[in-house]
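Welcome! Take a look at the model below, and then we will walk through it together.

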Amino acid sequence: MGILSWLILGLIVGALARLVIPGKGPRGILTTAAIGICGAFLGGLIGAGIGLGSVEGFDLTSIFLATVGSVALLLVYRALAGRPSDE
């Protein structure tokens, strides 16, 4: 997949992850795309680790794995952002 494909896939799965986990969180189209791209990478690693395949294109398995990775990334972000600082 090329860079443009990764950006489009990231935007799609980032938006899907935000639909699955609504509420407070990072906003904006670039942030949503970044969460989707990082989530696709994470989902590909998880999928390859458990034998489901990896994120290689715009097929159903890739979109599913990328969305799962993006949801996991959003949950980690919320867990870390919800903690009070030690200031």
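Let us start with a pair of helices. The axes of helix α1 (residues 3-20) and helix α3 (residues 60-81) come within 8 Å of each other and cross at roughly 55 degrees. Here axes are lines fitted to C-alpha atoms, for helices over the stretch in contact, with angles from 0 to 180 degrees between N-to-C directions. α1 and α3 are therefore oblique to each other, a word for angles that are not under 35 degrees (roughly parallel), over 145 (roughly antiparallel) or 65 to 115 (roughly perpendicular).

Which residues make the contact (heavy atoms within 4.5 Å)? From α1 come Leu 9, Val 13, Leu 16, Ala 17, Arg 18 and Val 20, and from α3 come Ile 63, Ala 66, Thr 67, Ser 70, Val 71 and Leu 74. By class, this contact of α1 with α3 has nine nonpolar, two polar and one charged residues.

## The whole protein

This is a predicted model, in which local features need pLDDT of at least 70 and side-chain atom pairs pLDDT 80 or more, while totals for chains, interfaces and linings use all residues. Residues are numbered from 1 along each chain as its sequence is written, and side-chain values use heavy atoms, leaving out hydrogens and water.

The protein has three helices and zero strands (DSSP runs of at least four residues, H or I, for helices and at least two, E, for strands). Of its 87 residues, 31% count as buried, meaning under 20% relative accessible area with a 1.4 Å probe, protein chains only. Among contacts between residues at least 6 apart in sequence, 64% join residues at least 24 apart.

Conventions
Contact means heavy atoms within 4.5 Å. Ala, Val, Leu, Ile, Met, Phe, Trp, Tyr, Cys and Pro count as nonpolar, Asp, Glu, Lys and Arg as charged, and the others, Gly among them, as polar. Buried means under 20% relative accessible area, exposed over 50%, partly exposed in between (1.4 Å probe, protein chains only).
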